[in-house]
Amino acid sequence: MNCYNCGIELTDETNHVEHIPAKNLFSTYPPEYKVNLLTVPACYDCNIGLYSKIDQEIRDAIGVLNENDDLKNEMTAKAVRSIMRRSNWKERVFSIDEGKSFEVSFSYNDIEKLHIKNFKGLFYAKYGQQISDEYQIKIIAEGDEENEKLQKVNGYFREFIDFETDWSHIGHPTVFKYKLKAMIPGEDDMFYDGENIEDAIGFLCTMEYHGALKPLVIAQSNEFINKK
């Protein structure tokens with residue numbers, strides 16, 4: 001077996017299992033929300049060093065976005081504690097409405113990295129191998145709403161990935177669900193899904209975290225990009 005992220009060969013002794021997505025998205029929920037969680041093989045550096053310091057960013061964002069959902073109240077409390085414990089909290093928390101409420105800023109880059117991490121884990125789980133470095137991975141997510149060009153791309157690819165594709169889920173579907181498709185060219189200039197990924201010019205993945213964060217992941221081959 002190989003690391004889902006860097007591809008290094010692993011043994012049972014060197015496999016530091018990675019949860020996709022992180023367990024903290026489920027930790028405050030009842031047991032029935034934690035069934036069938038996904039793990040993939042990971043080396044020490046990718047599991048412990050690469051993402052561990054930012055793994056709570058998505059959890060914290062979901063906690064802050066909570067709108068009176070009782071199941072998320074404990075997550076919200078943990079998110080507030082996590083944010084306020086950091087040395088830069090004054091740079092992230094802003095008073096609005098004359099002090100009646102607050103806004104919290106999050107690092108787009110950190111959350112983008114976590115979306116890519118989860119996409120790579122889902123890819124490994126579906127296809128049994130690490131996604132090749134020949135594919136460039138881009139994210140369209142919350143924060144990109146005002147970019148008209150990205151939103152046109154977003155609409156086109158979401159239409160393709162939604163066509164005849166059901167949601168899969170990890171744990172409870174209200175916590176994390178996703179769709180993952182290959183983009184395999186056909187004779188009629190259309191794209192099709194399939195298991196023969198050697199023919200794919202790209203992959204698409206849409207994910208939903210607690211119904212709050214809904215990124216689209218686009219992985220395109222360098223060869224296809226260079227032909228544009």
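Residues are numbered from 1 along each chain as its sequence is written. Because the model is predicted, local features need pLDDT of at least 70, side-chain atom pairs count only at pLDDT 80 or more, and totals for chains, interfaces and linings use all residues; side-chain values use heavy atoms, with hydrogens and water left out.

**Helix H6**

Helices (H or I, at least four residues) and strands (E, at least two) are DSSP runs, numbered from the N terminus. H6 spans residues 148-162 and has 15 residues. From first C-alpha to last, H6 reaches 21 Å, close to the 21 Å expected at 1.5 Å a residue. That expected span is 1.5 Å times one less than the number of residues.

Which residues of H6 are buried? Asn154, Phe157, Phe160 and Ile161 are. They cover an arc of only 135 degrees around the axis, so they sit on the same side of H6. The arc is that of the directions from the helix axis to the C-beta atoms. On the other side of H6, Glu148, Lys152 and Glu159 are exposed. Buried means under 20% relative accessible area, exposed over 50%, and partly exposed in between (1.4 Å probe, protein chains only).

The buried residues of H6 pack against strands S5 (135-140), S7 (176-185), S8 (191-192), S9 (202-209) and S10 (216-221). Contact here means heavy atoms within 4.5 Å.

Both ends of H6 deserve a look. Asn147 caps the N-terminal end, with a side-chain oxygen 3.2 Å from the backbone nitrogen of Lys149. After H6 comes Glu164, whose phi is positive, near 55 degrees.

**Helix H2**

H2 covers residues 56-64. Eight of its nine residues are buried, so H2 is largely enclosed by the rest of the structure. The buried ones are Gln56, Glu57, Ile58, Arg59, Asp60, Ala61, Ile62 and Gly63. Their cover includes helix H3 (73-84), helix H4 (89-92), H5 and S9.

Arg59 lies in H2, Arg92 in H4, and Ile131 in the loop between H5 and S5. Their contacts below do not count residues up to four places away in sequence.

| Residue | Relative accessible area | Contacts |
|---|---|---|
| Arg59 | 10% | Asn24, Leu25, Met75, Lys78, Ala79, Ser82 |
| Arg92 | 7% | Glu57, Arg86, Glu103, Val104, Ser105, Phe106 |
| Ile131 | 4% | Phe119, Lys120, Phe123, Phe203, Ala219 |

Arg92 and Ser105 are 13 residues apart in sequence and 5.0 Å apart in space, C-alpha to C-alpha. Ile131 and Cys6 are 125 residues apart in sequence, yet 9.1 Å apart in space, C-alpha to C-alpha.

**The cavity**

The structure holds one cavity of 30 Å³ or more. The largest cavity has a volume of about 60 Å³. A cavity is a set of points, on a 1 Å grid over the protein atoms alone, where a 1.4 Å probe fits but cannot get out; lining residues have an atom within 4 Å of a point. Grid points are joined across faces, edges and corners, and the volume is the space filled by probe spheres set on the points.

Pro21, Ala22, Asn24, Leu25, Asp55, Ile58, Leu114, Lys117 and Asn118 line the largest cavity. Helix H5 (residues 108-127) gives the most to this lining, with three residues.

Conventions
A polar contact is a pair of N or O atoms within 3.5 Å; within protein, one must be able to donate a hydrogen and the other to accept it, and residues adjacent in sequence count only if both atoms are side-chain atoms. On a 1 Å grid over the protein atoms alone, a cavity is a set of points where a 1.4 Å probe fits but cannot get out, and a pocket is an open set with protein on both sides within 12 Å along at least five of seven lines; lining residues have an atom within 4 Å of a point.
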